[in-house]
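Open the model in your viewer and keep the selection panel at hand. The stops below say what to select next and what is there.

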Amino acid sequence: MSKQKTATKPRLTRERIAETALAVADSEGFEAVSMRRIADELNVGTMSLYYYVKTKDDLVAAMDDALMGEVLLPSLPKSWRRALTEIAKKTYAMYVRHPWSFMAMISAQPGLNAMRHMEQCLEALADTRMTAREKLTLLTTLDDFVFGYALRAGAANTGVDRKFAKAQIATGAFPRLKEAFVDARATPDDDRFERGVKALLDAAKERN
């Protein structure tokens, strides 16, 4: 009696390889990512990966594509301002989850999800009166703000010693710095990210 053949899914996919590489980078840093290490994590031979990712650069591109997939909205809010705010928040959250990606992905080859992300951003602005140039300027400026904010927030969480600055401010020689960076922080500032995004969008609202 012959055994009935059943369809089986392949053990490996480009997406699974990228997911595994992200997990390694998240737990040990991007420097730990290599073709051999990913193969070990997946319990396959290194050569098995080359059918899906041809080189280390291709692996990085797959990782970047997976990261960009995390910033896509399932649906766009009708308001262009709300849509861009939500995209900015998802992008910031992605950087928080994967802080190593700040530098590691700079030279990555953009993939389909990067194109989908840009398409979604432009779709959010489709009904405004902005020109194509104005749309691109707004989106790149917003991207710069999100990247810079996330980078600075990451640096603030690394435990940098600020004793010297605090001691100097305490002398009274820097009253403006004290007002800006000490007294101002006495009140909650959890919405600073959204206020920054709002300020950028407010500058473009007259074109809506």
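In which helix is Thr 46 found? Select Thr 46: it is found in helix H3. This is a predicted model, so read each stop as a computed result.

**Stop 1: Thr 46 and its surroundings**

Stay on Thr 46. It is partly exposed, with a relative accessible area of 27%. Show its contacts beyond the neighbours within four places in sequence: Met 35, Arg 36 and Ala 39. Thr 46 and Ser 34 are twelve residues apart in sequence, and their C-alpha atoms are 9.8 Å apart in space.

Step back to Asn 43, in the loop between H2 and helix H3 (46-49). Check its backbone. Asn 43 has a positive phi of about 60°, although it is not a glycine. Most residues other than glycine have a negative phi. Is Asn 43 buried or exposed? Asn 43 is exposed, at 62% relative accessible area.

**Stop 2: the whole chain**

Zoom out and colour by secondary structure. The protein has eleven helices and zero strands. Of its 208 residues, 33% count as buried.

**Stop 3: H1 against H2**

Select H1 and H2. Their axes are 10 Å apart and the helices pack at an angle of about 105°. H1 and H2 are therefore roughly perpendicular to each other; the range for that term is 65 to 115 degrees.

Show side chains at the contact. From H1, take Arg 16, Ile 17, Thr 20, Ala 21, Val 24 and Glu 28. From H2, take Arg 37, Ile 38, Glu 41 and Leu 42. By class, the residues of this contact divide into five nonpolar, one polar and four charged.

**Stop 4: the largest nonpolar core**

The largest nonpolar core has 51 residues. Which of them touch the most other members? Select Val 33, Ile 38, Leu 49, Met 63, Leu 84, Trp 100 and Met 105. Then colour the elements that give two or more residues to this core: H1 (14-28), H2 (35-42), H4 (56-69), H5 (80-97), H6 (101-104), H7 (112-124), H8 (132-156) and H11 (192-202). H5 provides the largest share, seven residues. As background, nonpolar side chains in soluble globular proteins tend to be buried together.

Centre on Met 63. Leaving aside neighbours within four places in sequence, Met 63 is in contact with Ala 18, Ala 21, Leu 22, Ala 25, Phe 30, Val 33, Trp 100 and Met 105.

From Met 63, go to Gly 111. These two are 48 residues apart along the chain, with 9.7 Å between their C-alpha atoms. Gly 111 is found in the loop between H6 and H7. Is Gly 111 buried or exposed? At 18% relative accessible area, Gly 111 is buried, since the cut-off is under 20%.

**Stop 5: H5 against H7**

Select H5 and H7. Their axes come within 8 Å and cross at roughly 155°. H5 and H7 are therefore roughly antiparallel to each other, a term that applies over 145 degrees.

On H5, the contact is made by Trp 80, Ala 83, Leu 84, Ile 87 and Thr 91. On H7, it is made by His 117, Gln 120, Cys 121 and Ala 124. This contact has six nonpolar, three polar and no charged residues.

Now pick Arg 81, in helix H5. Arg 81 is partly exposed, with a relative accessible area of 23%. Draw a distance from Arg 81 to Ala 124: 8.2 Å, C-alpha to C-alpha, across 43 residues of sequence.

Move on to Asp 127, in the loop between H7 and H8. Asp 127 counts as exposed, at 77% relative accessibility.

**Stop 6: H11**

Finish on H11. Which residues of H11 are buried? Select Phe 193, Gly 196, Val 197 and Leu 201. They cover an arc of only 135° around the axis, so they sit on the same side of H11. Look down the axis of H11 to view that arc.

Terms used
Residues numbered from 1 in each chain as written. Predicted model: local features only at pLDDT ≥ 70, side-chain atom pairs only at ≥ 80, totals over all residues. Heavy atoms only, no water. Core = buried A, V, L, I, M, F, W, Y, C linked by side-chain atoms within 4.5 Å. Buried < 20%, exposed > 50% of the residue type's maximum accessible area, 1.4 Å probe, protein only. Helix = DSSP H or I, 4+ residues; strand = E, 2+ residues; numbered from the N terminus. Contact = heavy atoms within 4.5 Å. Arc of directions from axis to C-beta. Axes fitted to C-alpha atoms, helices over the stretch in contact; angles between N-to-C directions. Parallel < 35°, antiparallel > 145°, perpendicular 65-115°, else oblique. Nonpolar A, V, L, I, M, F, W, Y, C, P; charged D, E, K, R; others polar.
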